[in-house]
Amino acid sequence: MREELTTLWTHIERGELPADGETLFGSAWDKNEIRFVVQETYILDYKDKVPSKFSDGYGAGIVRLILAMYNSFGGLIVFGVNDRVMTVCGVTTPVDAESLNRVLSDATGRSIECITRSYVMPGLDEKAICVLLVPRRGSSKPVKLQAEVGPYPVGKLWIRDRHEVLEADAVHLPTLYSSRLALPAESADTSLPIHRSMPPSPATMADFIGRKALLGDLWDWFVFGDQPRMYLSGPGGSGKSTLAYEFARSLAENGYNVSLPRGERVDYVIYISAKETELHTLNGKQQRFQLRQFDNAESQFQQILYHSGHFDAEALTGITEDEALSLLEELFSSYSGLVVIDDIDALSRRKVDTGEEPLFLKSVHGTKRTKILYTLRYPPSYAMRSSLPVPGLSEGAEFHEFLDAVCEQFNVSKPTPEYVPKIDEATSALPLLIETVIGLRKHSSSYKDALADFKDKGGDDARQYLYQREYDQLDRDGKAREVLAALFFLKEPVSFTTIVNLLTMTSSRVRDAISECGSIFLTTIENEQGETLYQLATPAIPFVCIVSEQLNRVDLIRRRVELFVQEGARYTPEEAALIVRLDRLIRKHDFSAMADVAQSISQHDPVMANPRIRGLIGQAYAELGGPRREQARECFRAAEALNYFDIYMMRAWYHLEYQSGYGIGEARALCERILAKEKLGVRYRSEFLGKLGRCYAAEAQSMLGVSREKAVDLLSSSALSYLESLWIGRTARELDPQVTLNWLDRTLETFVNYSRGDIDDYLSMIGSLPSKKWDISPEAADSLIGALTKSNAASDDKMKAKAYGYIRRTIGKIDKGASGVSLSPGMKRLRDLLVLLQDGLSPVK
C-alpha cells in the first residue's frame, strides 16, 4: 500500500478519527503547499460542500458514495475540499451524522454507523474541513437500496472502483464477496491456489453476458446461505449450464480472497455433467454431448472424488457405492468447495437414481463447507426453497447486449429495430434460440427469411432439443397434452375457467395439467381485472402443433375451440353475429352506423336482452350525444342491472354524466360503484379514483359560496381521491402521474385560496393521511406543501401563531401514526417539509 494511504487505511480499519487532522492524513497533507497531495482513490473522496439534505440530487449522491465505500473497503469523505486542485475551500457546518445514519438505515435496512470530525489543517487559520468515516462492511451481504433515495430506485447495488462509484456488474461480484482486507492494487495472496477441475465451457459464446442478478444470488448462497445445495431450473436453452459454469469459473479464479462464515477458505471447484445431447447452433442440429462424465449415481460419486484431485483413477477403480460415499464424507470433512452437477435430470428422466439424497447427507455431515449446485429443467418439488429459476434474458440491455454479441461472433449483420422485438418474441429471449435464429440468418438473405425458416423446418431440431424430452415426460393418463393442444388452437391467452369449460374437465385435473406443463411450455399474463391468463410459450407453438396432431381427441378439441371462438358457447348465433358486427363498427368509430343497426332491431327482440349488446349500443349513443344521451343511460342501466361490467362501457357512461352539466352526482355514484368491485385492476382503480376526485372538485365549486362546511368536505375528498389514485397507480406503466398531479394541484390551490389564511381545515386533511391504508409519493408531498406555502397564513402575527400551532399538531399526528416505525419516503418528505414550514413561522428566532 502507498505510504500516504497507510495512515488512512489504519484509521478506517479501527473505525475511529483522531483528534487532529495531521495525525489522520500524515503525508497526504502538504504543509508547504497547504493542500492535499493524494488523488481520490478507493478509500478517499473529496467534496466541496456538505449536503443540506440527503433526498435531493447532491445529497442522494453522497448516500450512493457512502454505500459504495461501505460495500467495498470503507473510506473517508473529506468535505470542504476542491477535488480538482485538492485545496481547502472550507465548510460552515459539519455533516449531521445522526441524520445521515438514520437515512442510511431507512434506505438499506442495515445499521451503518458513520462518524464525523471537523479539522483545521496546519497552515489554515479559519477554513475547516469535515471528515466522514465510512466503515468497511464486515462478513455480511452487500447492501442494496431497499427504499428510493432521490433519483435512485430500489435494488441498486454500488461498488467503489478507484475514484468512481459504479453500479455493480457481474465482474465486480468477486470483489463484493471477498474479504476486502487489502486494496485491489496490492498483490493478493495466491500462495494457496484453488484446485479446479472443469471441462471446456458449454457456451457457444466466447464472452459471458448478463445474468448479473442470478450470479449475485449464487454468490449470496455460496458465501452466506445455509442451504447445502441449490438448483438452477429453467427451460432448455435458457443458459443454466453456462451460468453454473461461469459462477464456478469466477469462484475458482477469485475464491482465494473469499472468507467463508467459519473462516474456511475455498479449496476446490468441480464441474461434472450428465448431459446427453447438445444443439449445434450454427447448423441447428442436435448432436451427442461428447463431454458426458456419468450416467448413474455410482459413476457420479466416483467423478466427484476423481476431480477433487485427492484420489487417482486407479484407487477408485472397482469401489462400491458405499465405499465412494465414505470417501466423499472424508473429502467433505477435510476441504471446503463447490461441486457443480450439470443436467442431473438426465438421470431422473431414465428413472435412474440421481444420488442427490446421499450426497446431500454427506455434505451436511461433513465438517467443512461443501456446496452443491445442480442444473435441471423443472424445479424440484422436494426442494422448492433451494431452487433458482433461470428464465430467458431480461428485457432491455441484457437481451440487446447478448443479441449484438451473437451477431458479432457469428459475423452476421445486426437486425434492424423492426426485427429485434420479433426475435425476442419468437425465441422467448432464450439464449440458445437467439443463437439459432442468428445462425439461420447466416445462411438466409434477410432476417425475415431467417425467422420464417426458424418457425418452419429450420427450428425443428432446436425445438425438439428444448421440448421433446419434456413432452415425453407428461403423464399419458393426464390431461396436460390436451391442454397444450387446446391452447395451440385458441391462439390467444385464456383463463383457467375457460380451459375447464372448454375441455369439460374438473378444476383439479386442469390444475394438475397446468402444473405439469409448467414454465417450459406455458407463459402467463394478467388481464385488466387481474385474472391470470395462460398461453403457449412462443417457441413451443410449432412443436405443439406437430405433436398435437397425434392425439386421439385432437379433432374434438379443434371443434370445441372453433365453437368457442365463434362465441357459440356463450351466445345464440344471432347474438354472436350481432356482437361481431358491433365490435367491428366500434373499432372503426362508426357510431352512426351502430345507432342505425340498433334502430333496425325491435326492442322486443331477444338479442336486446343481452347485456353486452346493450353496453355496445349505449357506448355509440353516448358518443353521439344530444338527444341520444338518455337512450345511452337506459342501455347502460339495463346492462349493469344484469351484472354486466365492461371498463369501456363504464368509461363512456362516466364521460356522459360528467360532461352533461347536470350529472356530476351520477358520475360520482358511478365511480363509487366501480371502485367497490374487489377485482378491479390497479390501472383502472387508479383511473376511477382520479375521476372521483374530479367529481368532488366539481361539486365543491358549486358549494364555495353556499356552504363552507360542505365545500371543505368536498375539497378534502377530492384531494384524498387524487392522492390515493397517485399511490395506487404508481406501478401502472400506462398511466401518466403528471396528469393526476396537475388535477391535484388545482384542487389544492382552490382549497388554500378558499381558506383565506385559516389553514386548519387544510391541515386536518393532511393530518388524516397516517390513518389511510395507502401512502403518498414524495411528489404528492411536494404538491401538498407547495400549495400551503401560497397561503397568506403568515400575513399577521395572530394568524402566524395559529398556523404554527396547526402545523405542529399535524406533525404530531404524523409521528403518532408512525407508531415507532420508520416513515415511508413520501410521509417522511411531507413531515420534513412541514417542519421547515413550521420553523419559518416560529415566534422564537
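Which residues are linked with R196 in a network of salt bridges? The network joins R196, E246, R249 and E253, where a salt bridge is a side-chain nitrogen of Lys or Arg within 4 Å of a carboxyl oxygen of Asp or Glu. The model is predicted, so that local features need pLDDT of at least 70 and side-chain atom pairs count only at pLDDT 80 or more, while totals for chains, interfaces and linings use all residues. Residues are numbered from 1 along each chain as its sequence is written, and side-chain values use heavy atoms, with hydrogens and water left out.

**Overall fold and confidence**

- The secondary structure of the protein chain comes to 35 helices and 19 strands, with helices (H or I, at least four residues) and strands (E, at least two) taken as DSSP runs and numbered from the N terminus.
- Along its principal axes, the C-alpha trace of the protein chain spans about 95 × 90 × 50 Å.
- Of the 845 residues of the protein chain, 51% count as buried, where buried means under 20% relative accessible area, exposed means over 50%, and partly exposed lies in between (1.4 Å probe, protein chains only).
- The mean pLDDT of the protein chain is 87, and 93% of its residues reach 70 or more, pLDDT being the predictor's confidence in each residue, from 0 to 100.
- Where pLDDT is low, the predicted coordinates should not be read in detail.

**Salt bridges**

- By the 4 Å rule given above, the count comes to 39 salt bridges.
- One of these pairs is R377 with E470, whose side chains meet at 2.5 Å, N to O.
- R377 lies in the loop between β15 (370-376) and β16 (387-389), whereas E470 belongs to helix α17 (residues 460-473), so the pair ties together parts that are 93 residues apart in sequence.
- Both R377 and E470 are buried.
- The side chains of E687 and R651 also meet in a salt bridge, at 2.8 Å from N to O.
- This pair links distant parts of the chain, with E687 in helix α29 (residues 682-703) and R651 in helix α27 (residues 647-659), 36 residues apart.
- Both E687 and R651 are buried, and the relative accessible area of E687 is 12%.
- E687 forms a salt bridge with K691 as well, at 2.9 Å from N to O; E687 and K691 both lie in helix α29, 4 residues apart, or about one turn of the helix.
- K691 counts as buried because its relative accessibility is 11%.

**Positive surface patch**

- R581, R584, R587 and K588 form a positive surface patch, in which Lys and Arg count as positive, Asp and Glu as negative, and His and the chain ends are not counted.
- Patches are made of residues with over 30% relative accessible area and no salt bridge, with like charges joined within 9 Å and nonpolar side chains (Val, Leu, Ile, Met, Phe, Trp, Tyr) within 5 Å; the place of a charge is taken as NZ of Lys, CZ of Arg, CG of Asp or CD of Glu.
- Accessible areas come from the Shrake-Rupley method with a 1.4 Å probe, and for residues only the protein chains shown count as cover.
- K588 lies in the loop between α23 (573-587) and α24 (591-599), and K588 counts as exposed because its relative accessibility is 56%.

**Backbone angles in loops**

- I34 has a phi near 50 degrees, a positive value in a residue other than glycine.
- I34 lies in the loop between β1 (29-30) and β2 (35-36) and is partly exposed, with a relative accessible area of 31%.
- K491 has a positive phi of about 60 degrees although it is not a glycine.
- K491 lies in the loop between α18 (480-490) and β17 (494-495) and counts as exposed, at 63% relative accessibility.

**Distances between residues separated in sequence**

- G239, in the loop between β10 (229-233) and α7 (240-254), is partly exposed, with a relative accessible area of 21%.
- The C-alpha atoms of G239 and P391 are separated by 8.5 Å, and the two residues are 152 residues apart along the chain.
- S755 has its place in helix α31 (residues 737-755) and is buried, with a relative accessible area of 5%.
- S755 and H172 are 583 residues apart in sequence and 57 Å apart in space, C-alpha to C-alpha.
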